[in-house]
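Work through the exercises below with the sequence and the model at hand. Each task is followed by a solution in steps.

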Amino acid sequence: MRLGFVGGLFLAVALSGAMGQQAGAPKVWPAQEGNYHIANFHFKDGEKIDDLKLHYITLGTLRHDAAGHADNAVLLLHGTGGQASTLLNPIFADELFGPGQPLDITKYYLILPADIGHGKSSKPSDGLHMHFPAYDYDDMISSQHQMLVEGLKVDHLRLILGTSMGCMQSFVWGETYPGFADALAPFACQAMALAGRNRMTRYMAIENIKNDPAWLGGEYKTEPIQGLRTANEMLLIMGSAPLRMQKNYPIREAAETYVDDYLARTVASTDANDMIYYINASRNYDPSAHLDRIKVPVLWINSADDFINPPELGIAQRQVKEMPRAKFILIPVSDATQGHGTHTVAAIWKGYLVDLLNESDKH
């Protein structure tokens, strides 16, 4: 295993255009960027890769308690199609990371990894294309755990906060490594297998890419633009909020211009094989059978205008009862909510996060 740093590098925000990630004016944070390499990483399905690279960003300084255990590390997990810098988004970071704020970087050591298949971490577009191992969320959590313990010397987490895909990973973390974190904050997901409309939209996005003649089984010479365009159209609808869209684009010309600009931006920045893999990584996610293993405080938040996790399903309201210290909050629709992307709008929910940190404080 190898750990590489670009020490003291100041990083500006570089945001993904994928599911539910919101844009904003960039701010520079005093962040360190690094890569952790795992030799001969074995995936759950038996495949392996000679060198798995995991990219990450950290802010703050790691602290240990009297027994030598890490006591101020916070793991922040991005959504599908994101990267390490995604949660440096101003509407998230500017509300949480500053002096006196809930995740004040003078108090906490924040770790923002880029998952397998994302950002600067190992992914299909590096060269293996569709021969890249078919990773899933279990593989992501396993590699994150190894990076934390062996690479960053973090043997305990004060908090895991995850958005969208990171929300689902938070539940997997809680079941796979019970008690490794003092608290969990899963935002914008369900704790059960992705089926129904959720899986249908993901499946359609994948199939639109594969059915583009230019895809060539993943060995395309130029990106399959029509397939990518249609897949990104699916993601636009999945992450949208009707009230906000109507307010911001109230006339036909404005609505159409928004779509054209969005597609031009996302299609240009998306690799087709990478997209197939990261959308499909959720295919076997299902933590529903073992939620009772999660004994630590849990703050589970969804938004009432979330197309991907609509409240009328009532799933979270039922499942939260299976965890002894869990609380579910449904954020009502307002001018401030952003559909699925409300998970990143920290001003809406950071008061609940403060309560969670206070409840789980062991000092």
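Predicted model: local features only at pLDDT ≥ 70, side-chain atom pairs only at ≥ 80, totals over all residues.

**Exercise 1. Find the disulfide and state which parts of the chain the cysteine pair ties together.**

Step 1. The structure has one disulfide, a term for a pair of cysteine sulfur atoms within 2.5 Å. Cysteine 167 and cysteine 189 are the partners, at 2.0 Å from S to S.

Step 2. Cysteine 167 belongs to helix H3 (residues 165-176) and cysteine 189 to the loop between strand S7 (184-187) and helix H4 (196-210), so the pair ties together parts that are 22 residues apart in sequence.

Step 3. The angle about the S-S bond is -65 degrees, and the link is left-handed. Cysteine 167 and cysteine 189 are both buried.

**Exercise 2. Describe how H4 packs against helix H8.**

Step 1. The axes of H4 and H8 (residues 272-280) come within 10 Å and cross at roughly 160 degrees. Axes are lines fitted to C-alpha atoms, for helices over the stretch in contact, and angles run from 0 to 180 degrees between N-to-C directions.

Step 2. H4 is therefore roughly antiparallel to H8. Angles under 35 degrees count as roughly parallel, over 145 as roughly antiparallel, 65 to 115 as roughly perpendicular and the rest as oblique.

Step 3. The crossing of H4 and H8 is left-handed. A crossing has this hand if the near helix is turned anticlockwise from the far one by less than a right angle, and is right-handed if clockwise.

Step 4. On H4 the contact (heavy atoms within 4.5 Å) is made by Arg199, Arg202, Ala205, Ile206, Ile209 and Lys210, and on H8 by Ala272, Met275, Ile276, Ile279 and Asn280.

Step 5. By class, the contact of H4 with H8 has seven nonpolar, one polar and three charged residues. Ala, Val, Leu, Ile, Met, Phe, Trp, Tyr, Cys and Pro count as nonpolar, Asp, Glu, Lys and Arg as charged, and the others, Gly among them, as polar.

**Exercise 3. Describe how H5 meets helix H7 and how H5 meets H8.**

Step 1. The axes of H5 and H7 (residues 252-268) come within 10 Å, crossing at roughly 120 degrees. H5 and H7 are therefore oblique to each other, and the crossing is right-handed.

Step 2. Residues of H5 in this contact include Ile225, Leu228 and Arg229, and those of H7 include Tyr258, Val259 and Asp260. The contact of H5 with H7 divides into nine nonpolar, two polar and three charged residues.

Step 3. The axes of H5 and H8 come within 11 Å and cross at roughly 35 degrees, in a left-handed crossing.

Step 4. Leu228, Ala231, Asn232 and Leu235 of H5 touch Ala272, Met275 and Ile279 of H8. This contact of H5 with H8 has six nonpolar, one polar and no charged residues.

**Exercise 4. Which residues does glycine 119 contact, leaving aside its neighbours within four places in sequence?**

Step 1. Glycine 119 is in the loop between S5 and H2, and is partly exposed at a relative accessible area of 26%.

Step 2. With those neighbours left aside, glycine 119 is in contact with Gly82 and Gln83. The C-alpha atoms of glycine 119 and glutamine 83 are separated by 4.5 Å, at 36 residues apart along the chain.

Definitions and conventions:
Residues numbered from 1 in each chain as written. Heavy atoms only, no water. Helix = DSSP H or I, 4+ residues; strand = E, 2+ residues; numbered from the N terminus. Buried < 20%, exposed > 50% of the residue type's maximum accessible area, 1.4 Å probe, protein only.
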